[in-house]
Amino acid sequence: QKTLPPDLAVVQYFPTDDALYIFLVTQKAFRLRQVDISHKELESSIQKYVLAIRRPGGGEASMNAEGQKLHKALIAPVKADIAACTTLVLIPTGMLNVLPFACLADSSGVPLGEEKEILELAKSTDLMRMAGEAPKPILSLVAFANATGDLPAAGKEGEQIAALFDTKDVKLFKGKEATAANFLQFGGKADALHLATHGIWDLEDSLRNSLAMADHQQVNQDQIFEL
């Protein structure tokens, strides 16, 4: 709590067989909320929501219904607690990791991402590590954009991100240059790393998670951990 800014809230989710527990920490408060939704029901709702998102134009009714259901379970119980906070640090568990929290909206239709800045972390100790490190200037950048060739806007994104840095130490790999070899050679050597490409999330085995790079190549989770 001592390390948290006054406008930030940390929200951690812990689903069980019978209920969902939500831990909320701000600079001045600690709360534990219980929601009567089972682990199985929560996972089913997440699967339906993600599938609806992946069917553009065809699953809008299902997307809105499941999105509101998930908002009611995950956000509404802590809405009053986070009202004064501009930034949310979310620590999901299990299948909650594949849920795009920023898209969730209540009946008003306003997405959470428009109301709050959202950061997701894999575990609470990551927050402690970040809070314990002194801020460092970002003087170098490595960016990978539109590696698979089907994300033209991501290519523009990479160019605009690179243009923000008033330094010569910028490497931008676009399209066919965004190879796995370049990622492994340069990805861990800059102050900032920007990725605008596809990712593959394996719900059955997280060790098979990977980034899609040029020429049908992939960078898997083990390789990333070694950088």
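**Surface, helix and salt bridges**

Tutor: Phe-14, Phe-23, Phe-30 and Leu-32 form a nonpolar surface patch, with about 400 Å² of accessible area together. Patches take residues with over 30% relative accessible area and no salt bridge, joining nonpolar side chains (Val, Leu, Ile, Met, Phe, Trp, Tyr) within 5 Å and like charges within 9 Å. Areas are Shrake-Rupley with a 1.4 Å probe, and for residues only the protein chains shown count as cover.

Student: What should I know about the model itself?

Tutor: It's a predicted model: local features need pLDDT of at least 70, side-chain atom pairs count only at pLDDT 80 or more, and totals for chains, interfaces and linings use all residues. Residues are numbered from 1 along each chain as its sequence is written, and side-chain values use heavy atoms, with hydrogens and water left out.

Student: Where is Phe-14?

Tutor: Phe-14 is in strand E1; strands are DSSP runs of E, at least two residues, and helices are runs of H or I, at least four, numbered from the N terminus. Phe-14 counts as partly exposed, at 45% relative accessibility. Buried means under 20%, exposed over 50%, and partly exposed is in between (1.4 Å probe, protein chains only).

Student: Switching to H1, which residues of H1 are buried?

Tutor: Leu-42, Ser-45, Ile-46, Tyr-49, Val-50 and Ala-52. Down the axis of H1 they fall within an arc of 160°, so they line one face of the helix. That arc is taken from the directions from the helix axis to the C-beta atoms.

Student: And what covers the buried residues of H1?

Tutor: The cover includes strand E1 (8–15), strand E2 (20–25) and helix H2 (60–74).

Student: How many salt bridges does the structure hold?

Tutor: Six, where a salt bridge is a side-chain nitrogen of Lys or Arg within 4 Å of a carboxyl oxygen of Asp or Glu. One of them joins Lys-69 and Glu-41 at 3.5 Å, N to O. That pair links distant parts of the chain, Lys-69 in helix H2 and Glu-41 in helix H1, 28 residues apart.

Student: Is Glu-41 buried or partly exposed?

Tutor: Glu-41 is partly exposed, with 36% relative accessible area.

Student: Last one: what does Val-219 touch?

Tutor: Leaving out neighbours within four places in sequence, Val-219 contacts Ala-180, Phe-183, Leu-184, Asn-209, Ser-210, Leu-211, Met-213 and Ile-224. Contact means heavy atoms within 4.5 Å. Val-219 lies in strand E11 (residues 218–220), and counts as buried at 0% relative accessibility.
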